[in-house]
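Let's take a walk through this protein together, with the sequence and the model side by side.

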Amino acid sequence: MAHPLSRPNGGFTYADYLTWPDDERWEIIDGVAYDMTPSPLRVHQRILLRLAFFLEGFLEGKPCEVNVSPFDVRIPEKDEADEMIRTVVQPDIAVVCNPEKLDDRGCRGAPDLVIEILSPSTASYDAIVK
């Protein structure tokens, strides 16, 4: 289950996120941090793998790129610097067709397609909050 962590004074930003331990999985939505630990179950990962392979084959020869979690998607509210972004998520699968949105950190802006594989423990968070 995703456990929220609030922070007064505007909430968390991508700058905070970049300082957190690599062995922990976090997302930030509107400045509220959500602990996504532990890792997904094996069946979740099998579904993710099959969908990603299907999409990769379907999109072959097209300018789209298929990315799987962990892959940071930063959603700016306007044109703020990356460090000030208050929403960063890791969709299970993100398809990005505009290479200008991609950089070494992931994607800045909305992907063209996002797939979330719902698990009983995170379904409410994935479908409502995220």
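Where does aspartate 92 lie? In this predicted model, aspartate 92 sits in the loop that runs between strand 6 (88-89) and strand 7 (93-96).

Aspartate 92 is buried, yet no salt bridge is found for it. The nearest side chain of opposite charge belongs to arginine 25, and it is 5.7 Å away. A salt bridge here needs a side-chain nitrogen of Lys or Arg within 4 Å of a carboxyl oxygen of Asp or Glu. What aspartate 92 does have is a polar contact of 3.2 Å between its side chain and that of histidine 44. Setting aside neighbours within four places in sequence, the residues in contact with aspartate 92 include His44, Leu48, Asn67, Val68 and Ser69. Ile115, Glu116 and Ile117 are also among its contacts.

Glutamate 116 and alanine 15 are 101 residues apart in sequence, and their C-alpha atoms are 25 Å apart in space. Alanine 15 belongs to helix 1 (residues 14-17) and is partly exposed, with a relative accessible area of 31%.

**Salt bridges**

Side chains of opposite charge can pair when their charged atoms come close. How many salt bridges does the count come to? The count comes to six salt bridges. Three of these pairs are set out here, with the distance between nitrogen and oxygen.

| Pair | N to O distance |
|---|---|
| Glutamate 77 and arginine 86 | 3.4 Å |
| Aspartate 82 and arginine 105 | 3.9 Å |
| Glutamate 83 and arginine 105 | 3.4 Å |

Now to arginine 105, which forms a salt bridge with aspartate 82. Aspartate 82 lies in the loop between strand 5 and strand 6, and arginine 105 in the loop between strand 8 (102-103) and strand 9 (106-108), so this pair ties together parts that are 23 residues apart in sequence. Aspartate 82 counts as buried, at 15% relative accessibility, whereas arginine 105 is partly exposed at 37%.

Arginine 105 also forms a salt bridge with glutamate 83. Glutamate 83 is in the loop between strand 5 and strand 6, so its pairing with arginine 105 ties together parts that are 22 residues apart in sequence. Glutamate 83 is partly exposed, with a relative accessible area of 33%. Through shared partners, salt bridges join Arg74, Asp82, Glu83, Asp103, Arg105 and Arg108 into one network.

**A nonpolar patch on the surface**

Which residues form a nonpolar patch on the surface? They are Leu41, Val43, Ile47 and Leu51, with about 360 Å² of accessible area together. Leucine 41 is in the loop between strand 3 (32-35) and helix 2 (42-58), and it is exposed, with a relative accessible area of 62%.

**Two spots in the backbone**

Most residues other than glycine have a negative phi, and most peptide bonds are trans. Aspartate 30 is not a glycine, yet its phi is positive, at about 50°. Aspartate 30 is found in the loop between strand 2 (26-29) and strand 3. The peptide bond joining serine 69 and proline 70 is cis, with omega at about 5°. Proline 70 lies in the loop between strand 4 (65-68) and strand 5 (72-74), and Ser69 is one of the residues in contact with aspartate 92.

Note on methods
Residues numbered from 1 in each chain as written. Predicted model: local features only at pLDDT ≥ 70, side-chain atom pairs only at ≥ 80, totals over all residues. Heavy atoms only, no water. Patch = residues over 30% accessible without salt bridge, like charges linked within 9 Å, V, L, I, M, F, W, Y side chains within 5 Å. Areas by Shrake-Rupley, 256 points an atom, 1.4 Å probe, with all protein chains shown as cover. Helix = DSSP H or I, 4+ residues; strand = E, 2+ residues; numbered from the N terminus. Buried < 20%, exposed > 50% of the residue type's maximum accessible area, 1.4 Å probe, protein only. Lys, Arg positive; Asp, Glu negative; His and termini not counted. Polar contact = N/O pair within 3.5 Å; in protein donor to acceptor, adjacent residues only side chain to side chain. Contact = heavy atoms within 4.5 Å.
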